[in-house]
Amino acid sequence: MHEFAFKNNELYCERMKVGDIAKRVPTPFYLYSYKTLIDHYRKIKAAFRPVNPLICFSVKSSSNIAVLRAMVKNGAGLDIVSGGELYRARLAGVNPKRVVYAGVGKRCDEITEAIKFGIFFFNVESEEELQEIQRVAKSLGKKVNVAIRINPDVIPKTHSYIATGKGETKFGLDFETVHKIFNSSWRYPNLNLNGLHVHVGSQILDAAPFQAAIHKILDFIKKYHIAVEYFNIGGGLGIMYSIEHPQTARSFAEKILPMLKRSKLKIILEPGRFISGNSGVLITRVLYNKLTPRKKFVIVDGAMNDLIRPSLYEAYHKIVPVAVDGNSSETSEKVDIVGPICESGDFLGKDRLLPHMESGALLAVMGAGAYGFTMSSNYNSRRRGAEVMVIGNKFYVVRKKETYRDLVRGESIPRILK
Ligand SMILES: *Cc1c(COP(=O)(O)O)cnc(C)c1O
C-alpha cells in the first residue's frame, strides 16, 4: 500500500494534489510520501517484533538527507556502503551505534572516518579488508565490531545484476574461508569478530532463498561452534511493480522467525526497497507525441539519467497520467514512453496503454522511490531534478533541481588552452 491515489480523477500524494506541486516545481522531479516510508518501516518492524531486530535502512536505495532523517527520527538505523553515505548518515543525525557498513571496497579513509564516528558494525567481505580494518583500528587505538559477510551460494530469482548471494559474485566469503578467519581471530586483536552477515540479493519475491541462506549459516555456526552474538540477514525484500506477488513482511517474517528465534542471536535487518520503493514516484511532463510507421512514442522530459532501472534492469514501472479525463479509455493507445537522451535504451516504459496525452500533460512513473534518484546521473549534461517530500497536506523541496552551474562545478580549462 502507498499514499499515491486518485481522487476525482486526479493523483494525490497524501493530501497534496500532485498537479499543484508540478505548478511550483519544474519537471522531472521525484516525489516522496513521508507516510508511505514510515508505514513500511513500521510494517517490517511489527513483522519481526518477536526478535526485536535492529532495522538499518539501506541508504543506497534512497539517500536524500530528509528521507534518512525521517527514518532516523522514527527509530531506524542506517546501512551504508561508502564514505559519502556515512557523511549523509551523519547529517541525518543517526546514532553511530545504529550504523552498519557493507561493501567490498572500503578505502582506508572511509574506514578511518567510520571508526572515528563509532559505527556499530563493519560488514567485512575479504581477508585483506579485515587486515586493513585491523591496521586502522590499531593506529586509532580502538576496538571495532566486525561481521563477516558470507556468500551462501544460493540463487535467488531476480535480475542477475542484483543477485548477490550466488557463489560467483564478488560479495562475501565462502564458508571455508570464514571458518579459517574465526580460527585465526588472534590475528585481529583490535577486531571483535562478533557477527555474521548475509545479503542474498534485491527484489526477491519469496522467502525460499532467505530460508536457504539462513539455514546454511545457522548450520555452519553450530557445526563449528562459531561464537557470534549478531546475525545480520541483510535486505532484499521485493515489492510489487506490476504483476509480482511479493509476500507481505508478515508472511516473510513468519517463514524465517522460527529459525531466528531458535538461534538466540541478535538480529539486524537492512531493508531498502521494501521501505522506499513505493514511497516515491517520478513526475514527468509530455513534450511531444510522435507517430512512426512502426510505433507511437510519447516523448517526455524525464529520461534514463533520471531513472535508469528500465534501461539497466529492464525493470517495469507502472506509468499513469496525473490527471485522467472522463472518456480517456476511448482514446487509449499503445505507446513507448521515452526520454530526450540520445540512446535507444532511453525509455521509461514500452508498449503501454495510455490515453492520448497532449504536450504539457503530466505522467507519474510509479514505484520509483528506491534506486531512482540515487542512481541518477548527469548524462547528456542533463540537470538532475528536484526531490520533493510530502508530509500530510504540505510539500517540501528537499533537493533543488540542479543548475547549469552545478553541472560544471569543479571543472576548469587548463591555462594552456585559453
Ligand atoms: C543493497 C543492499 C541492501 C538493501 O537491498 P534492498 O533490496 O533495497 O532491500 C541491504 N544490504 C546490503 C548489503 C546491500 O548491498
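This is a predicted model: local features need pLDDT of at least 70, side-chain atom pairs count only at pLDDT 80 or more; totals for chains, interfaces and linings use all residues.
Asp153 is located in the loop that runs between strand S9 (144-149) and helix H7 (175-183). This residue has a positive phi of about 55 degrees although it is not a glycine.

**Backbone geometry**

- Most residues other than glycine have a negative phi, and most peptide bonds are trans.
- Asp153, with its positive phi of about 55 degrees, is a non-glycine residue.
- The peptide bond that leads from Thr27 to Pro28 is cis, and its omega is near -5 degrees.
- Pro28 belongs to the loop between helix H1 (18-24) and strand S4 (29-33).

**Ligand surroundings**

- The ligand has 15 residues around it, of which Lys60, Ser202, Glu270, Arg273 and Tyr371 come nearest.
- By class, this shell consists of 3 nonpolar, 7 polar and 5 charged residues.
- For Asp79, an N or O atom of the side chain is 3.3 Å from a nitrogen atom of the ligand.
- For Gly236, a backbone N or O atom lies 2.8 Å from an oxygen atom of the ligand.
- For Gly272, a polar backbone atom is 2.9 Å from an oxygen atom of the ligand.
- The ligand taken alone exposes 390 Å², and the protein buries 95% of that area.

**The largest pocket**

- The largest pocket is the space taken by the ligand.
- Its volume is about 900 Å³.
- The largest pocket is lined by 44 residues, and those closest to its centre are Ser58, Lys60, Val81, Glu85 and Tyr371.
- Helix H4 (83-91), helix H11 (309-313) and strand S20 (394-399) each contribute at least two residues to the lining of the largest pocket.
- H4 provides the largest share of this lining, with 5 residues.
- The lining of the largest pocket comprises 15 nonpolar, 16 polar and 13 charged residues.

**Cavities**

- Rolling a probe the size of a water molecule over the atoms shows where empty space is left.
- The count comes to 3 cavities of 30 Å³ or more.
- The largest cavity holds about 50 Å³ of space.
- Ile44, Phe210, Ile233, Gly234, Gly235, Leu237, Phe252, Leu269 and Pro271 line the largest cavity.
- By class, the lining of the largest cavity has 7 nonpolar and 2 polar residues, and no charged residues.
- The lining of the largest pocket, in contrast, includes 13 charged residues.

Notes:
Residues are numbered from 1 along each chain as its sequence is written. Side-chain values use heavy atoms; hydrogens and water are left out. A residue is near a molecule or strand if one of its heavy atoms lies within 4 Å of it. A polar contact is a pair of N or O atoms within 3.5 Å; within protein, one must be able to donate a hydrogen and the other to accept it, and residues adjacent in sequence count only if both atoms are side-chain atoms. Accessible areas come from the Shrake-Rupley method with a 1.4 Å probe; for residues, only the protein chains shown count as cover. On a 1 Å grid over the protein atoms alone, a cavity is a set of points where a 1.4 Å probe fits but cannot get out, and a pocket is an open set with protein on both sides within 12 Å along at least five of seven lines; lining residues have an atom within 4 Å of a point. A molecule sits in a cavity or pocket if more than half of its atoms lie within 2 Å of its grid points. Ala, Val, Leu, Ile, Met, Phe, Trp, Tyr, Cys and Pro count as nonpolar, Asp, Glu, Lys and Arg as charged, and the others, Gly among them, as polar. Grid points are joined across faces, edges and corners, and a volume is the space filled by probe spheres set on the points. Helices (H or I, at least four residues) and strands (E, at least two) are DSSP runs, numbered from the N terminus.
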